[in-house]
Amino acid sequence: MTSEERRARRRKRREKEHSKRRKERLGEYDSYERVASMDSLYKAADAAQKGVSWKASVQRYNMLRMMNIYRTHEDLMSGKDIRKGFICFDIVERGKLRHIKSVRFSERVVQKSICQNALSPILTNPLIYDNGASQKGKGTQFSLNRLVIHLTRHVRRHGREGGILLIDFSDYFGRIDHEALHRMYEDAIHDDKLRALALSFVDAFGDKGLGLGSETSQINAIYLRSPLDHYIKEILRIKGYGAYMDDSYLIHDSISYLKECLKKITEFCARYGIVINPVKTKICDLKHGFTFLKTRFFITDTGHIIKKPCREAITRERRKLKRQKGLLDRGELSFDAIRTSYASWRGSMIKKDAYNATRNMDDLFDQLFIDSWRLE
C-alpha cells in the first residue's frame with residue numbers, strides 16, 4: 001500500500017469519526033420547531049433590530065411585536081411561505097457598485113432565527129479555523145492577524161524564499177451554484193422542513209447566485225467554499241492558508257508548486273460553480289510586497305513583517321473628510337457623526353504600520369474642523 005493510499009484511508013476514517021461526533025453535538029440544532037418557536041422568534045426580533053431600531057418599518061413591527069411574532073409562528077408551523085420579496089437598491093462601497101436585495105423586517109426576523117438556531121451552529125462547524133468571514137469573534141482583522149502568523153512561521157523556516165498565491169473569485173455571490181448548495185445541505189441538515197425553509201431563502205434569488213442584504217446569504221457563501229478550504233489544507237497540504245469570503249492566500253517555499261496548486265484549485269472550483277478571477281489572482285514573490293484585504297505587506301531582510309494601508313485607502317479618507325466638511329457647513333451632518341466615523345478609520349490604521357499617514361490625516365482633520373473643536 002502506497003503512502004497516498006494510507007493517507008486516504010486515514011482521512012476517510014477521521015471523516016467518519018468526525019461526522020459521528022458532529023451529528024451527536026449538533027443534533028439539537030437540526031430542528032424546525034426550534035427555529036419556529038415563539039421564544040426563538042422573540043429573541044431573533046431583538047437581535048434583528050440592533051442598529052436599525054430607528055427605521056419606521058421596525059417601529060411599526062414593534063408596536064404589535066407579540067402579534068407579529070405569533071402570526072409568523074403560526075405561518076411557519078402551518079408551512080406557509082413567509083417570503084415577501086425584496087427591496088432592491090444600489091450602493092457604492094469603496095468605489096464599487098453593489099446591488100442590494102434587502103428583505104422586509106418580518107422576514108428578517110425569520111432569517112435571524114434560522115441563522116442563530118440552525119445555520120450558524122451547523123454550517124460553520126465544519127469550517128476551517130482560518131476562514132475569517134461572517135463568524136462571531138472573527139472578521140477582517142482576524143484574517144490579517146492570521147496572515148501575519150503564517151508569514152512569521154514561513155520566514156522562520158524558509159526566510160523570504162518562496163511566494164504567496166492570492167486568489168480572488170469573480171462575482172462570487174452572483175455566480176453561486178444553487179445545485180451545489182442543495183447537495184451540501186442534503187448532507188448537513190436532516191430535518192426536511194428545516195432544510196426546505198433554509199433553501200427557500202436560497203431559491204428566492206432565482207436559479208443562480210445569492211443577493212447581498214440577507215444574513216443567510218453570508219453564511220451560505222462561506223459554507224459553499226468550505227470543501228475548497230479543506231482541499232487546500234488537507235490534500236494540497238498548505239499550512240499557510242487563509243480565507244476571507246472570496247479572497248484567500250496560499251504561502252509556500254516553492255513558486256512552481258503554487259502554480260501547480262492554482263491549476264488544481266481551478267479544476268476543483270469548477271465543481272461548485274466558482275470562477276477564479278484571472279486578473280486579480282496572482283503569485284507574488286515574498287521578496288516583494290503584496291496586497292491582501294486592502295493592506296500592503298512587506299517582509300524586510302531581517303524577517304520583520306510590515307503592514308501598511310493601501311494608497312487608495314488614504315486617498316479615499318482624505319476625500320471623505322473634505323466631503324463631510326461640506327455636509328457639516330450645510331447642516332446636513334453633525335460633528336459628532338464625523339468624529340465617530342474618523343475615530344473608526346483611525347482605529348483601523350493604528351493596527352498597521354501607518355504612523356506618518358495617521359499623523360498627516362490628523363493634521364487635515366484639525367485643519368478642516370478646528371472651528372467645531374473650539375465649540376466643544
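Accessible areas are derived by the Shrake-Rupley method with a 1.4 Å probe.

**Figure 1. Overall view of the predicted model.** The protein has an accessible surface of about 20,800 Å², and carbon and sulfur atoms account for 50% of that area. Taken along the principal axes, the box filled by its C-alpha atoms is roughly 75 × 65 × 30 Å. The fold contains 15 helices and nine strands. Of the 376 residues, 44% are buried. Among contacts between residues at least 6 apart in sequence, 70% link residues at least 24 apart.

**Figure 2. Charged side chains of the protein.** There are 73 positive and 49 negative side chains. The centres of these two sets are 4 Å apart.

**Figure 3. The largest nonpolar core.** This core comprises 69 residues. Its members that touch the most other members are Ile114, Leu119, Ile232, Leu250 and Ile265. Helix 6, spanning residues 105-123, supplies the largest share of the core, with nine residues. In soluble globular proteins, nonpolar side chains tend to be buried together.

**Figure 4. Surroundings of Ile265.** When residues up to four places away in sequence are left out, the contacts of Ile265 are Ile167, Leu228, Ile232, Leu236, Leu250 and Ile276. Two of these partners, Ile232 and Leu250, are listed with Ile265 itself among the core residues that touch the most other members.

Notes
Residues numbered from 1 in each chain as written. Predicted model: local features only at pLDDT ≥ 70, side-chain atom pairs only at ≥ 80, totals over all residues. Heavy atoms only, no water. Helix = DSSP H or I, 4+ residues; strand = E, 2+ residues; numbered from the N terminus. Buried < 20%, exposed > 50% of the residue type's maximum accessible area, 1.4 Å probe, protein only. Contact = heavy atoms within 4.5 Å. Lys, Arg positive; Asp, Glu negative; His and termini not counted. Charge placed at Lys NZ, Arg CZ, Asp CG, Glu CD. Core = buried A, V, L, I, M, F, W, Y, C linked by side-chain atoms within 4.5 Å.
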